Amino acid sequence: MSENFVLTRKQLNTPKAAAIAGIAFSVLLIAILWLLRRSVPDDPLDSGAWIATESGTVVIALNLIPFAGVAFLWFIGVLRDRLGQQEDRFFATVFFGSSLLFLAMLFAAAAIAGAIMLLAANASEPDQLINSPTFHFARATVYIIANAYAIKMACVFMISTSTVVIRTGIAPRWIAILGFFLACILLVGSYYMSWSMAVLPVWVFLLSIHILIHNLREPQGDDHARG
């Protein structure tokens with residue numbers, strides 16, 4: 001093995017503190033959910049009166065979503081690095097695919113909501129826009145994408161990742177069992193509990209904390225051996 005190849009491999013090692021990305025995602029998503037829930041009514045067929053008073057808060061939440069998405073992608077990379085050679089193709093494909101679909105749905109909902117907020121901010125008659133079929137269609141579309149599709153992909157991600165955790169032992173078994181339990185809550189209760197989406201960042205936070213502590217305790221030599 002050449003010296004240049006060894007140096008390249010060392011440079012490509014995942015940073016020990018990379019699991020902070022999962023923590024960042026959790027904090028950002030909880031903040032986003034809190035900002036949206038305090039500003040936007042749960043009813044997708046509401047009158048839209050909140051746009052006049054809460055538009056600034058909603059815009060802040062929407063602008064945080066890309067940062068949460070980048071942190072989530074980094075977290076997925078941390079998980080795959082943690083699996084290493086133990087990665088099972090079937091479950092790895094499911095958890096990787098579901099994570100990308102979750103982000104795609106989240107970004108799609110944010111893009112539609114952002115477009116409506118932009119139109120409302122620049123409309124000469126905001127009341128006319130709020131009362132238009134276009135607004136109500138966009139509002140209902142955002143609700144369905146977020147609460148039907150994105151949440152279901154989050155459930156698949158939690159279930160598949162928990163299965164991988166049990167099969168490989170990359171995290172304590174109780175985290176995987178908790179993941180199954182929370183995924184069931186998310187799957188069944190998304191239409192009945194407005195804060196059900198918060199179970200995903202809470203679970204990611206716990207898993208990231210474990211990975212971060214384990215990585216920081218792991219001897220430096222183990223990183224090179226794993227790479």
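Mentor: Buried means under 20% relative accessible area. The model discussed here is predicted.

Trainee: Is Phe25 buried or exposed?

Mentor: The cut-off for a buried residue is under 20% relative accessible area. Phe25 has a value of 0%, so Phe25 is buried.

Trainee: How many aromatic pairs does the structure hold, and what is the geometry of the pair Phe25 and Phe72?

Mentor: The structure holds five aromatic pairs. In the one formed by Phe25 and Phe72, the distance is 4.6 Å centre to centre, with 40° between the planes. Planes under 30 degrees apart count as stacked and over 60 as edge-to-face. The pair of Phe25 and Phe72 is therefore tilted.

Trainee: How many residues apart are Phe25 and Phe72?

Mentor: Phe25 belongs to helix H2 (residues 20-39), and Phe72 to helix H3 (residues 50-83). The pair links distant parts of the chain, its members being 47 residues apart.

Trainee: Why is the pair of Phe72 and Phe157 edge-to-face?

Mentor: Phe72 is buried, with a relative accessible area of 0%. The ring centres of Phe72 and Phe157 are 5.3 Å apart. Planes over 60 degrees apart count as edge-to-face, and the pair gets that name because its planes lie at 65°.

Trainee: Which helix holds Phe157?

Mentor: Phe72 in helix H3 and Phe157 are 85 residues apart, so this pair too links distant parts of the chain. Phe157 is in helix H6 (residues 133-168).

Trainee: Which residue lies over the face of Trp34?

Mentor: A charge counts as over a ring when, among other conditions, it is within 6 Å of the ring centre. At 5.1 Å from the ring centre of Trp34, the residue over its face is Arg38.

Terms used. Residues numbered from 1 in each chain as written. Predicted model: local features only at pLDDT ≥ 70, side-chain atom pairs only at ≥ 80, totals over all residues. Heavy atoms only, no water. Phe/Tyr/Trp six-rings, centres within 6.5 Å; stacked < 30°, edge-to-face > 60°. Helix = DSSP H or I, 4+ residues; strand = E, 2+ residues; numbered from the N terminus. Buried < 20%, exposed > 50% of the residue type's maximum accessible area, 1.4 Å probe, protein only. Lys NZ or Arg CZ within 6 Å of the ring centre and 35° of its normal.
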